[in-house]
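Me: I would like to go through some labels in this structure and ask what each one rests on. Please set each value against its cut-off.

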Amino acid sequence: MNIIIAENYQDLSEKAAGIVAEEVKRNQQAVLGLATGSTPEGMYAQLVKMFQEKKVDFNSVVTFNLDEYACLSPEHAQSYHYYMHQHFFEHVNVRDENIHIPCYNDKNIADSYLEYDRMISEAGGIDLQVLGIGGNGHIGFNEPNNYLHTHTHLIDLSEDTIEANSRFFDSPGEVPRQAVTMGMGSIMDALKIILLASGKNKARAVQGMCTGKITTNLPASLLQLHRDITLLADKEAASLL
Ligand code: PGA
């Protein structure tokens with residue numbers, strides 16, 4: 001595993017944006033796997049800045065987001081559809097038809113989630129996947145459990161995640177209990193992965209991810225098996241390494 005320790009959040013965001021921009025310059029038709037949450041907000045801001053300065057062009061890029069809450073409309077201010085448009089898509093030139101974000105199906109037909117993986121395959125697979133990490137070691141919404149799923153699926157969110165994400169909602173009761181997420185196989189199939197971690201509350205999960213045993217109880221630890229993974233952590237998140 002390649003480990004880069006950033007001075008602070010700004011440095012982390014600039015380095016992450018630099019890696020994404022390099023990928024897009026190298027391959028204008030790059031397929032990007034994108035993450036939401038507070039950690040990548042700075043990376044998106046940097047990428048928007050680079051786009052405005054004409055340092056990067058997203059015209060032929062294809063994107064697939066990692067996950068989305070169940071039962072929130074795309075217009076809901078806490079949905080990941082809304083987040084992506086607000087932080088990134090509204091400000092750059094990714095074409096609408098090249099944007100993919102998982103959608104909840106209220107009939108819970110598992111096949112409709114598998115369709116998402118088929119679309120990723122048809123696009124040629126993910127060239128660069130951006131990830132965050134939960135304080136409990138989840139990636140996407142693959143929560144710690146005795147088993148993990150390979151493909152995109154509907155998942156019950158853990159109490160840890162509901163509590164952590166309640167900061168974005170008026171009350172914990174408003175946090176959706178389920179989400180659609182790419183599976184571990186969908187993520188591990190990416191050619192290259194960068195995982196961003198910021199803050200002391202991520203230090204234990206980052207430690208387990210890099211130096212602990214590989215276990216489904218800390219989904220990020222499976223990334224030790226990936227061929228091209230870079231951890232990009234600020235000093236606080238890397239403090240237990
Ligand atoms: P955060 O979320 O960036 O908001 O901390 C990361 C995650 O839960 O994967």
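**Labels and their cut-offs**

Reply: To begin, Lys15 has a relative accessible area of 33% and is partly exposed. Note that the model is a predicted one.

Me: What makes Asp11 count as buried or exposed?

Reply: Asp11 has 17% relative accessibility. Buried means under 20%, so Asp11 counts as buried.

Me: How do you know that Asp11 forms a salt bridge with Lys15?

Reply: The closest N and O atoms of the two residues are 2.9 Å apart. The criterion is a Lys or Arg side-chain nitrogen within 4 Å of a carboxyl oxygen of Asp or Glu, so this pair qualifies. In general, oppositely charged side chains can pair when their charged atoms come close.

Me: Where do Asp11 and Lys15 sit relative to each other in helix α1?

Reply: Helix α1 spans residues 9-26, and the two residues are 4 apart in it, so about one helical turn separates them.

Me: Why is the pair Lys25 and Glu22 called a salt bridge?

Reply: Their closest N and O atoms are 3.9 Å apart. The cut-off is within 4 Å, so the pair counts. Both residues lie in helix α1, 3 residues apart, about one turn of the helix.

Me: What makes Lys25 and Glu22 partly exposed?

Reply: Lys25 has 46% relative accessibility, and Glu22 has 49%. Exposed requires over 50% and buried under 20%, so both residues are partly exposed.

Me: How do you know that Glu53 forms a salt bridge with Lys55?

Reply: The closest N and O atoms are 2.9 Å apart, and the limit is 4 Å, so Glu53 and Lys55 meet the criterion. Salt bridges with shared partners join Lys49, Glu53 and Lys55 into one network. The search of the whole structure finds 7 salt bridges.

Me: Which residues lie nearest the centre of the largest pocket, and what classes make up its lining?

Reply: Ile133, Gly134, His138, Asn165 and Lys202 lie nearest the centre, out of 26 lining residues. The lining has 8 nonpolar, 14 polar and 4 charged residues. Helix α5, residues 159-165, gives the most to the lining, with 4 residues. The space in this pocket is about 520 Å³.

Notes
Residues are numbered from 1 along each chain as its sequence is written. This is a predicted model: local features need pLDDT of at least 70, side-chain atom pairs count only at pLDDT 80 or more; totals for chains, interfaces and linings use all residues. Side-chain values use heavy atoms; hydrogens and water are left out. On a 1 Å grid over the protein atoms alone, a cavity is a set of points where a 1.4 Å probe fits but cannot get out, and a pocket is an open set with protein on both sides within 12 Å along at least five of seven lines; lining residues have an atom within 4 Å of a point. Grid points are joined across faces, edges and corners, and a volume is the space filled by probe spheres set on the points. Ala, Val, Leu, Ile, Met, Phe, Trp, Tyr, Cys and Pro count as nonpolar, Asp, Glu, Lys and Arg as charged, and the others, Gly among them, as polar. Buried means under 20% relative accessible area, exposed over 50%, partly exposed in between (1.4 Å probe, protein chains only).
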